[in-house]
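Subject: Structure handover

Hello,

Please find the structure below, followed by notes on what was found in it. Could you read the notes with the model open?

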Amino acid sequence: MSLHRTVVRARKQLLAVIATLTAMIMLAACTAGTAGGGAPAGGNTDGTAPGDSSKFLTFFPCCSWNTTWSFNPYNVNGLGIQNDFVTLRLAIVKSPSLTEFIPQLADTWEIVDGKLNVHLREDAKWQDGTPLTSKDLHDTAILNALRGDGFWNDITSVDIVDDHTVAFTLKKGQPESLAKLDILNAIRPYPSSVYGKLVTDELKKDVITYYTTSHEDPVKAGKLPEFKRMSAAFKDLAALKVEKLIGNGPFQLENITTKEAKLVKWDGFWEASKITFAGIRYLNGSTQTVYPQLFSGNVHFSNVYMPPPILQRWKKTPDSNTALPLAFGFTMLFNSSKKPLDSKAVRQALAYVIPRQQISEAAYGTDEAAGGTWKEVNTGISPSLEAIYLDQGKIDQLNKYPIDEAKATALLEGEGFTKKGDQWLKPDGEPFTLTFIANAETTDIVTSFNSAAKALTAFGIKSEVNATSGAQQNADQHNGDFDIGSGFVGGNNPLGMYNAILGPGYNFSKLGNYAGKRGVGFGPTKNVPGLGEVDVVSTIDGQVRSIEPGPEMNAQVWNWAQLVNDEVPYIWYATKVYQFPFSTKEFTNWPPLNDQNTSELWDIIAADMNGGVSLAIQQGFITPKP
């Protein structure tokens, strides 16, 4: 999955595991672009026999099977195991707030004279028994600059104030709320005892010079000798061999292979007395593996997708419950740099043919708990954020793209397409065909795409679905080697939702492994309503880092909503309702549910799974029955 929440956020990381008083808890991570073979369907992979009295929670990874793991979070070729069970962030943002936080490693923070002063908990320790200090946070911030972490677009320097306080100097005019969001919710300190040897006074000077220049002229900054030295330093950092994972969170890594990772409760954690599990165990698997164990009682918690038949069976299972917290979007990405998809008219024609309600219901049915619902108006953001940032009068001005083959036909003919028999031909006389790519393990997306391909084929555009590995899908979409792909869009910042697809993560990347690649290839310049002709990537990426909630954010959301609706670089076709099936058979004291089958804590879990579940455990939730 990519969200990445990040996509992709986009990578979007899903969870891992919870276990027992004596045994373990299993969770997992779903990240962009990693997939592979799972355990045999129906197999009992946790080492306990059916009916075993030991209590455990199981959560299987969505996409990270057989991945190469790395203890080094800067290793670009491995999937890092740094997460909120092992290594905490400074704070976790509440959902859907952009301004309220729950402390983690940082206990207080304040902005004084243009500096965000972050104070670390004085009882926080590393799992080797050494205290966590400001040097750890300072050195992490410098090293994070080498990989282009976004908070460096908010600041001009970072300095140690005392043993437990670090000052982040904000750039002039930087909105304070966004700086807090980028720093508190994103920075995960790593031990200076491992990485600090790479932080020199010279490197810090290079970082400050580069970002100071980049704030004014990114192109010029990329040509500086400081940038070249930073790039060389990052290669050394990424290649650093880390023999032992030293975390600071509630659980400690015991062992890890390409199939699973075992974690155990760490008694040195400041809230260890509230945690009722002896350990956590990452376990690989697939839906075919999870379903039988969910119904048998071997799995007590999951975020596995439950299609209508599975959902109905789960509802009839004793002790079954389902949390349905805030959701994210499933989007259909068009490769705007590839003919004929480089034509707005062609993309609009496809929008008039693809039956969004039909393809969503093919995957999710119509039950309110079935995991997804179709989205009628393509604004590019979620319905929940539309209610906050767009009034209904504006939404009513946008094109709903109802199924209308006559309009699609007129648009294609206007671009020089002709139809011969039951096949549309491109202006060059070649058949107009399309291929959807999707991660084979995201069965609901594959189902939706198969339904869309069937509708396009019936219209005369022969289409098929290539269900491949997550790694291949991710590479193809970043490289721009695709027709129609998929993207996950989530979070609480509406401009961040636009940035997830139109920004440097998926569109004309400038940093990281895919620097110089087209991605979705939208632009690079477009006439954005209210803004004029602008570079799409740098403009939306800059807005995310500079515009805080208020009238200006509302205005910019409307500008981008009009662009996405008219240009159709992607279609938000379904709004995902997170399904969290959990059992009260052997565990009790789950986070509470309200009449909407969610709560503040479940909403945090949905927006930030690792962080949310770790937070729930830290607060004493999820306890084994006697």
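**Second largest pocket**

Strand β16 supplies three residues to the lining of the second largest pocket, the largest share. This is a predicted model: local features need pLDDT of at least 70, side-chain atom pairs count only at pLDDT 80 or more, and totals for chains, interfaces and linings use all residues. Residues are numbered from 1 along each chain as its sequence is written, and side-chain values use heavy atoms, with hydrogens and water left out.

A pocket here is defined on a 1 Å grid over the protein atoms alone, as an open set of points with protein on both sides within 12 Å along at least five of seven lines; a cavity is instead a set of points where a 1.4 Å probe fits but cannot get out, and lining residues have an atom within 4 Å of a point. The second largest pocket has a volume of about 330 Å³, where volume is the space filled by probe spheres set on the points, with grid points joined across faces, edges and corners. Its lining holds 18 residues, and those nearest the centre are Leu324, Glu368, Thr373, Val577 and Gln596. Two elements give two or more residues to this lining: α10 (356–364) and β16 (372–374). Helices (H or I, at least four residues) and strands (E, at least two) are DSSP runs, numbered from the N terminus.

By class, the lining of the second largest pocket has nine polar, six nonpolar and three charged residues. Ala, Val, Leu, Ile, Met, Phe, Trp, Tyr, Cys and Pro count as nonpolar, Asp, Glu, Lys and Arg as charged, and the others, Gly among them, as polar.

**Overall figures**

The protein has 20 helices and 27 strands. Of its 626 residues, 60% are buried; buried means under 20% relative accessible area, exposed over 50%, and partly exposed in between (1.4 Å probe, protein chains only).

**Strand β24 and its partners**

In strand β24 (residues 570–576), seven of seven residues are buried, and the strand is mostly covered. β24 pairs with β15 in the antiparallel sense over six bridges; two strands pair if DSSP finds at least two bridges between them. Within that pairing, Tyr570 in β24 is the bridge partner of Leu333. β24 also pairs with β16, again antiparallel, over three bridges, and here Lys576 in β24 stands opposite Gly372.

**Strands β19 and β20**

Strand β19 (residues 433–439) is largely enclosed by the rest of the structure, because five of its seven residues are buried. β19 runs parallel to strand β20 (residues 462–468), and seven bridges join the two. Phe436 faces Val465 in β20 across this pairing. From β19 the chain passes through helix α14 (residues 443–459) to β20, a β-α-β crossover that is right-handed. Right-handed means that, with the strands pointing away from the viewer, the path from the first strand over the helix to the second runs clockwise.

**Backbone points to check**

Which residues are joined by cis peptide bonds? Pro340 sits in the loop between β15 (328–334) and α9 (344–353). Another joins Gly523 and Pro524, with omega about 10 degrees. Pro524 is in the loop between α16 (494–502) and β22 (525–528).

That loop between α16 and β22 also holds Phe508, a residue other than glycine with a positive phi, near 50 degrees. Asn597 likewise has a positive phi, near 60 degrees. Asn597 lies in the loop between β26 (587–588) and α19 (600–607) and is partly exposed, at 28% relative accessible area.

**Two further residues**

Ala179 belongs to helix α2 (residues 176–184) and is buried, with a relative accessible area of 1%. Its C-alpha atom is 9.2 Å from that of Phe168, 11 residues apart along the chain. Gly620 is in the loop between α20 (609–618) and β27 (623–624) and counts as buried at 16% relative accessibility. The C-alpha atoms of Gly620 and Ile275 are separated by 5.7 Å, although the two are 345 residues apart along the chain.

Regards
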